[in-house]
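This report describes the pockets of a structure and the interface between its chains. The sequence and the model are shown first.

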Amino acid sequence: MRFRTQAVAYPYFVVALLLYGLQMVFGLLSVAKYLGPDPLIHLLPFDVSKAIHTNLLIVWVLTGFMGAAYWLVPEESRTELHSPTMAYAALGLWTLAGVTAVVGYLFGWTAGNKLLEQPLPVKLAIVVVMLMFLYNLGMTIWKAKRLTTTEGVLMAGLAFTAILYLPSLLEFDNYTVAIFYRWWTVHLWVEGVWEMIQGALLAYLLIRLSGIDREVMEKWLYVIVGLTFISGLLGTAHHYYFVGVPSYWLPLGGFFSALEPLVFVAMSAYAYQAIRRSGLSHPNTLALHWTLGSAIFSALGAGLLGLAHTWPSVNRWTHGTLITPMHGHSAFFGAYVMIVLAVITYATPALMGHDESQRETRTGLWAFWLQVGGMFGMTMAFAAAGIGQVYLERVLGMGYLETQAKIQVHFLMLVATGTLFTAGVALFLWDFFFLAPRQRTHVEPAAAAARMPA
Amino acid sequence: MTKRHTRLFFVVGTSVFAAIFLGLTIHSHMRFGELTHAEAITPQVIAGKHVWHRKNCINCHTLLGEGAYYAPDLTKITQQRGEAYLRLFLRDPSRFYSEQRHGRVMPNMKLSDEQITDVIAFLTWVSNIDNQGWPPRPIVVSAALPDATAANAATAASGDPVALGEAVFRRSPPACFSCHSTTAGTVLVGPSMAGIATRAATLIADSSYKGAARSAPDYIRESILNPSAYVVPGPTFGAGGQSVMPPLGALLKPEEVEQLVAYLATFK
């Protein structure tokens, strides 16, 4: 840790990981409900457990992004953070808003808009936190008079994340118009500005882990974010299939979605190049695993599996089936979960003040492979269930309920692989909270002084 | 290629495509009214949309194919089930489905009668949105696979009224098949059509029958056009002398009604 105030990142990582663990609880609860009689139907029906599962994902990934930014910006701008107090206050408000939303869902307090279920007061609190965050880091960069491309792209991604959240504050009487703008938030986040964030974090990590020349990485970073928007902006069209918008969105969606995997192919190529030049010699092997894993898994989940059903004539049959969560789970995991875990894994040794070459990696590697393997299995289970559903229900015309009964075995697979995945998450948390500090071998006085306030 | 070139690629590429995206957004706005029949968005439809959101329906169901995947798509549900059925269903879903038999059941959302009317108005409006003819074939809540003869229904070009009637039976709307099976003993929502002609002949001779039909085809026609003329006793068939089936006269041309009658009259 080169700057004392980078320590602000630590409590963000703590909150992010705790929410990640909680997300697993609600994920497992939700999938269990696919297996038949649900003993909790009156206490915690599927709609509630599922909304909490997806909302926790968004909240913890954003918490991770913010933590990563607090870690990265002082280092890139070579200065201390403008106001650590403000960063802690923002985290407090953010956590309060997140917890309020989750508890609210349990009691039926919801805006009932998929992924944007947060009731208006919670949404406003989120906007305030985002403004505090952007102000704090903006001032940091302003005072340092130094802005690298990597942090510029990261900050632009985070600023647009805040701006694109604003349409979700509006209400439309026309449901189709509401769908149209809902995707401005959801799609332009995950297939637009969040990819900027992923690209920037990937660039930062590859520069640090491989020692590759910054100029080369930042040159290609522009290509990656350029491709992201060229394909991703009009790629929004693949969410406009069959919802009551003009039909020209169909061919547009087909064409530009087909370009979207290019971004992820470029990211993989990027990682490959960096590693090829320098080898896998960095002592933080765990961070290397997560960084390369993110580049590769997002090419599979976000790139190829998205492409699998974005062609309009295919989507006509797969629209609204379990094919969507097949892509959704693997895409979110590869692109965003893995990159946040990569930053956390990279920063933890420095935050805890221990030497990463001395680190015990067995637990961390189990955490990595169980999550990767579990998610791969879940993706396959969703794919098999989805293909079965499309064939029986959509093509042959069997009823929804009869079809769901016929594909039960894939839900069993989902429970099994989801359990493996959760075990991986549990090990990651165990490693982060209990193992890392114990391996402290050497503490610099400055770093020790910077250890976490609480 | 230098960093300056790639930055230019990013800035220009993003700006150009953002401009196209905004242009198409403006154009789409000019078409939304016509494609969604915006003039039909009454205060009741808006109230129904609020019910839809407040009750978090989208986190189990899909609508226009969007939502969660735990419960059936509702895009065309009002065309398939009709208002009387949906009203009865929403009052108490467990009357129609059981977790033991169907694996899943909708919890009772405890909607008031007004909320039920509103949400049905909302779903009716949604069912009329011009969405490029999706779904390509009807998605139904519960139906066994059509049998082999049904698969031939598409080849009803022969002009044979029975084959044409079968095509109407399998079409949505009216989506007869989503409530009536053609297999003996399989009750989806309404009575099975197996043996309907024979049963009708017995029924019209019975003193409990108060309708106007004098023959089996007459009875079938009457049931299509005026379902409440005689309600077959059954837990999900109707309540208080009111059938859950919507009268289909407005949905079908007179010759289609005759084709349906011809088809159903073959179930002896």
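## The second largest pocket

The second largest pocket holds about 610 Å³ of space. A pocket here is an open set of points on a 1 Å grid over the protein atoms alone, where a 1.4 Å probe fits and protein lies on both sides within 12 Å along at least five of seven lines; lining residues have an atom within 4 Å of a point. The volume is the space filled by probe spheres set on the points, with grid points joined across faces, edges and corners.

Lining this pocket are 36 residues, and B:His180, B:Pro191, B:Met193, B:Ser223 and B:Met245 are the closest to its centre. At least two lining residues each come from helix 3, helix 8 (196–204), helix 9 (216–225) and helix 10 (254–264) of chain B. Helices (H or I, at least four residues) and strands (E, at least two) are DSSP runs, numbered from the N terminus. By residue class, the lining has 26 nonpolar, 8 polar and 2 charged residues. Ala, Val, Leu, Ile, Met, Phe, Trp, Tyr, Cys and Pro count as nonpolar, Asp, Glu, Lys and Arg as charged, and the others, Gly among them, as polar.

## Basis of the model

The model is predicted: local features need pLDDT of at least 70 and side-chain atom pairs pLDDT 80 or more, while totals for chains, interfaces and linings use all residues. Residues are numbered from 1 along each chain as its sequence is written, chains are lettered from A and ligands numbered from 1 in the order in which they are written, and side-chain values use heavy atoms, without hydrogens and water.

## The largest pocket

About 1100 Å³ of space lies in the largest pocket. Its lining comprises 48 residues, with B:Cys60, B:His61, B:Met106, B:Pro107 and B:Met109 nearest the centre. Helix 3 of chain B gives the largest share of this lining, 6 residues. The lining divides into 34 nonpolar, 6 polar and 8 charged residues.

## The interface of chains A and B

In chain B, 73 residues are in contact (heavy atoms within 4.5 Å) with 83 residues of chain A. The buried area, meaning the accessible area (1.4 Å probe) that the two parts lose on being put together, summed over both, is about 6800 Å², and carbon and sulfur atoms give 63% of that area.

Between the two chains there are 3 salt bridges, each a side-chain nitrogen of Lys or Arg within 4 Å of a carboxyl oxygen of Asp or Glu. A salt bridge joins the side chains of B:Lys3 and A:Glu215 (3.5 Å, N to O).
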